[in-house]
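Subject: Structure for your files

Hello,

Please find the structure below. My notes on it follow.

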Amino acid sequence: MSKESPPDPAANFREMVTKWERGFDSLANQVMGTEGYSRSMNQMQDLQLGMQSMFKEFMTQNLTNANMPTRDDLVRLAESVGDLDRRMARIETLLEAMVPSNAAVGSGPRKGPPRTKKPPSAKAKSSTSKGGKK
Amino acid sequence: MTDATASQDGLRQRAQGMIERAIQRNIKGLEFITAPKPPVGLTPKDVIYERGTLRLYHYHAQSDEVYRVPVLLVMATTNKAFVFDLAPGQSMVEFLLQKGFDVFVIDWEAPTPEERGLTLEDYTQDFIPNCVLKVQQESGELDVSVIGYCMGGALSLIYAATHTDAPLKNLVCLTTPVDWHKMGLNNVWQDQRYFDVDRLVDTLGIIPADFVAQGFEMQRPAQKLAGQVRVWEQMWNDEYVKSYRVFDRWGNETLPLAGEYMRQTTKELIWGNKLFTSELVVGGKPVKLASITVPLLTVVAEHDHLVPYECSKPLLEMVGSTDKEEILLKGGHVSLIAGPNAVRRMWPRLDAWLAERSI
């Protein structure tokens, strides 16, 4: 009986996809890895950023005219809240460092299973030494 | 049975299999399109600390006893930490828990517009030290092992180098960039002559997730389409589809970046290569990798296109540790830490190295 299995079209298809992917990526990397590509890509990006900037200024002006808060106003407000949050965190950290309850750090497990696990090598050593005593 | 009959039987079986798969493909393809996002990060955990973009998780133990030293994983700032905990059986966190480690993870949420001013100082002089303190308090242990992935590794290195008195027991860096001038295509695209990072940050404030994701995808432009074709072909294979969907979700949930952090990373690390040249100063403290003396493990992937091996290679030479090791494994940037490749190759090596140093 012949041991050769018939060709698997699915396997051939997978191989073809992999080859295409590698070839395409390699070609694309060659093109995109050039100085010219980098320059064009960044020029396009600058153009988009310029348009976005203009639109932002236009919207800000309109909101100001309508006596409405702009996005920057809201961000500034959120920043103030964030500052307060950070100050609170710093105070909390300082307090935790000063208050005696912090002495619990390094004083063993607070919850969960015991922290007594040993690596396999230590267990092997201990079983060897026990065996040696017999 | 003659050769001809056997061959005909084989062909018949193959054809039957192909027809069955085609039917399955159609039935499951519809499910695939209409299914909601796959659940991820299912290992039970508590959020023990959160502030702005920062989340610190403590995972529930899954063994009767744990190693004395807790482990803190630091995720890269560009992606969600659920890559450490994709699904049961595909979770590095679950693996570590079952091996007896007490596991904590630093995860990041998308920074809000008011967090656009976050810098390396915030991440390495505030967030990580505070999380280490929380881990100490939660575990009741003085020592902590830190595992950083990609940019999380770079942040961990900066933290370790600027906190030489830190309670750091071990440091593990997974595909961590050190020599940024070896970043390949990124160096070309962010060429100082053409890439105006100041304009980008001043205009946008927060760098959108799409911009960040595009930077990753453009390095392997055919990857996404080829992945979609492969999943269509494998649609009958539930395990393959499940794995594809969780990875796809992770890839699609790239995080935006704080503008100032982007500016500083570009100028100091990418253009100045100051982590490599030891000229980096963060929070007024010099960042010299030679000042890191704790046991260090660096794990790198042979086919990593985002952080090529040459980019991580100098780390072993540069640190001052005497107990240090580099493990070069087959695989890519993501398959190093998640997926079947990681289950077989990286996780057991990490467990073996860390277990010996966690007592």
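**Chain A**

Chain A has four helices and zero strands. Read from the N terminus, its elements run α-α-α-α. The model is predicted, and every value here is computed from it. Of the 134 residues of chain A, 18% count as buried.

I looked at helix α3 of chain A, residues 71–98. The 28 residues of α3(A) should span 40 Å at 1.5 Å a residue, and the end C-alpha atoms of the helix are 40 Å apart, which agrees. The buried residues of α3(A) are A:V75, A:A78, A:G82 and A:A89. What do they pack against? The buried residues of α3(A) pack against β1 (45–51) of chain B.

From A:P69 to A:A11 the C-alpha distance is 61 Å, for a separation of 58 residues in sequence.

**Where α3(A) meets α3(B)**

Helix α3 of chain A also packs with helix α3 (residues 120–139) of chain B, at an angle of about 40 degrees and with the axes 12 Å apart. That angle makes α3(A) oblique to α3(B), because angles under 35 degrees would count as roughly parallel and those of 65 to 115 as roughly perpendicular. The crossing of the two helices, α3(A) and α3(B), is left-handed. On the chain A side the contact is made by A:E92, A:T93 and A:E96, and on the chain B side by B:N130, B:L133, B:K134 and B:Q137. By type, the residues of this contact between α3(A) and α3(B) are one nonpolar, three polar and three charged.

**Helix pairs within chain B**

Two further pairs come from chain B itself.

Helix α8 (residues 223–233) and helix α9 (residues 238–252) of chain B cross at roughly 155 degrees, and their axes come within 11 Å. α8(B) and α9(B) are therefore roughly antiparallel to each other, since the cut-off for that class is over 145 degrees. The crossing of α8(B) and α9(B) is left-handed. From α8(B), the residues B:K224, B:G227, B:Q228, B:R230 and B:V231 meet B:Y240, B:V241, B:Y244, B:D248 and B:N252 of α9(B). The residues in this contact of α8(B) with α9(B) are four nonpolar, three polar and three charged.

The length of α9(B) is as expected: its 15 residues reach 21 Å from first C-alpha to last, close to the 21 Å that 1.5 Å a residue would give. Which residues of α9(B) are buried? They are B:V241, B:S243, B:Y244, B:R245, B:V246, B:R249 and B:W250. Among the α9(B) residues that meet α8(B) are B:V241 and B:Y244, and both are buried.

The second pair is helix α6 (residues 197–204) and helix α10 (residues 259–271) of chain B, which pack at about 170 degrees with their axes 9 Å apart. That makes α6(B) roughly antiparallel to α10(B). B:V197, B:D198, B:L200, B:V201 and B:D202 of α6(B) meet B:G259, B:E260, B:M262, B:R263, B:T266, B:K267 and B:W271 of α10(B). Sorted by type, the residues in the contact of α6(B) with α10(B) are five nonpolar, two polar and five charged.

B:I207 belongs to strand β7 (residues 206–207) of chain B. Is B:I207 buried or exposed? Its relative accessibility is 0%, so B:I207 counts as buried. Not counting residues up to four places away in sequence, B:I207 touches B:L200, B:V201, B:V212, B:P256, B:L257, B:G259 and B:M262. Of these, B:L200 and B:V201 are in α6(B), while B:G259 and B:M262 are in α10(B). The C-alpha atoms of B:I207 and B:V172 are separated by 29 Å, at 35 residues apart along the chain.

B:A290 is in the loop between β10 (285–286) and β11 (296–301) of chain B. Neighbours within four places in sequence aside, B:A290 is in contact with B:M318, B:V319 and B:G320. From B:A290 to B:E317, 27 residues apart along the chain, the C-alpha separation is 8.8 Å.

Regards

Notes
Residues numbered from 1 in each chain as written. Chains lettered and ligands numbered in written order. Predicted model: local features only at pLDDT ≥ 70, side-chain atom pairs only at ≥ 80, totals over all residues. Heavy atoms only, no water. Axes fitted to C-alpha atoms, helices over the stretch in contact; angles between N-to-C directions. Left-handed = near helix turned anticlockwise from the far one by under 90°. Contact = heavy atoms within 4.5 Å. Nonpolar A, V, L, I, M, F, W, Y, C, P; charged D, E, K, R; others polar. Expected span 1.5 Å × (residues − 1). Buried < 20%, exposed > 50% of the residue type's maximum accessible area, 1.4 Å probe, protein only.
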